Amino acid sequence: MRLKEAFVVVTGIVVAYSGFPSWAWFHLVPPPLPLFYYSLSLSTRHLPIPSVNTVLVTGASGSSSPLKYCEDATEWETSKGTLLILSCDPGRKSWNTVMGPLRDPAPRGVFWVVDPAEEVPRGRELALAGFPDGSDFHPLGIKVWHGGNGGHSTSPDTDTLFVINHQRHASTIEVFSLASSLPSSSDTSSHLTTTYIATLSHPSFIAPNALALTSSTSFYLTQDHRFTRRDPSILGTILNLVETVAALPLGRVDHVTFGPPAAGAEAGTDDLASKPAPQPRVESFVAASGIPFANGVVLSSDGGVVAVASSTKRHVRIYDRDVLSNELTLDTTIAVPFHVDNLSLAPRSYLDSSINGSAKGDVFIAAGHPHYFSLLATARNKTMATRPLSWVAAISPRYGSASSTPSADDDELAPYPATKRASSHPAWEVKTLFQSHGRGEGGFGMSTTGVVGTSAGKRWLAVCGLYEDGLLLARES
């Protein structure tokens, strides 16, 4: 065992032991969540909660694979309005580089498109046109850049889709183009296209998990671990386990830029038939480090703030961003009552009318896992009495009134308030949007991503479940 690896093991044991009582309580005792609870209003607690109807969105008839095991979702603004693109992998129980196992990387994951405004919403597959036949496809974090095609086009009708791909030998970032100007036909399934552009690879892509775009050719990228499950040795397994359980601060956020291949990288004319096209030149630097299990990441609407999820520490870190250098400076951390997974940004229409247009006025949507052991058991095909739970919350800034100061009444409308498992923050409030113990009709577990929006003046909330069938969609009546 090398000195660095021995230090990681010893440090992990010390850290885990010193905080064992609180660690054991949180991990071993699941919170008593209801079958389901929704709240789609982010206004003050004195306003009535609108009635909500829910639907479990599944794949359209004739789909080549089931709509299930979705890890991330992102909004896509098109000529037909806001659509959702889902990052799903039906083979996740055979190939999961974050939680295991690593048995079979052959079956490919799938993109799905959902229109949350449809009367009866259904998922439509988004084919991977031009994606290399010999490449694996196991999608995780996804984001869409509107206008400009990853440095390949400046057409306002062409968007760029970025997705993290956990292939068998290494993780990469795949870049696709999307045609955002859709025909007026009510059936959009035959008009949606995604065309492969490039694969981004770099030695720093050790454990990429989520991304936040800063331009059509740059983005923040979280690296959730320093030691990954890709190391097949016993030592590799131990190091990954210690890093996770002890919440060691070995994760980070990189800033990545890419451009045309370096001079001389182009294949000669005689090689075009036998060699793949040269891939873009990629550069990366560490923008923020020391983050235990860095997971979801989102950029504020004005680009001045970056929020990063720390799964094992159960908090969201707020960073001030230097827009010129892309360096990040930690401002504060906000405790949440679950192992936070992905983050998204609430649109302006979701905010209280009194909120101004500053970055601190943004609302971050956090989704995660209130009981990690049951999630881990599901990943390993084990059965537990406790099914994996779901919790989605809105993290919003407080304002000057007395009702906005921290108190035990924070999140008071939720059946099980966030304050029972997370301390209040003086400047930010955590409000529950969705809870479920995941058992029975109407329940939905293993929440990884929550995305909110409005259609025809009505709010909606979409929730992905890591090992759930379908997409949960809750809409105001």
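So, M446: this residue is buried, with a relative accessible area of 2%. By buried I mean under 20% relative accessible area, while exposed is over 50% and partly exposed is in between, using a 1.4 Å probe and protein chains only. M446 isn't a glycine, yet its phi is positive, about 65 degrees. You'll find M446 in the loop between β22 and β23 (447-455). Helices (H or I, at least four residues) and strands (E, at least two) are DSSP runs, numbered from the N terminus.

Quick word on where this comes from. We're looking at a predicted model, where local features need pLDDT of at least 70 and side-chain atom pairs count only at pLDDT 80 or more, while totals for chains, interfaces and linings use all residues. Residues are numbered from 1 along each chain as its sequence is written, and side-chain values use heavy atoms, with hydrogens and water left out.

Okay, next one: D411. Phi here is near 60 degrees, again positive in a residue other than glycine. D411 sits in the loop between β21 (390-397) and β22 (428-436). Is D411 buried or exposed? D411 has 5% relative accessibility, so it counts as buried.

What about α4 itself, residues 372-379? Six of its eight residues are buried, so the helix is largely enclosed by the rest of the structure. Those buried residues are Y372, S374, L375, A377, T378 and A379.

Let's go back to β23, which belongs to a sheet. The sheet is open, has four strands in the order β2-β25-β24-β23, and pairs them antiparallel. Pairing here means that DSSP finds at least two bridges between two strands. Which strands stand at the edges? β2 (52-57) and β23 do, and each has a single partner strand, so one side of each is left without a neighbour in the sheet. From one strand to the next, the twist averages 20 degrees; for angles like that, axes are lines fitted to C-alpha atoms, for helices over the stretch in contact, and angles run from 0 to 180 degrees between N-to-C directions.

How many bridges join β23 to β24? Eight, with β24 covering residues 458-465 and the two strands running antiparallel. Within that pair, S455 stands opposite K458 in β24.

G100 and P101 are joined by a cis peptide bond, with omega about 0 degrees. P101 lies in the loop between β4 (81-88) and β5 (110-114).
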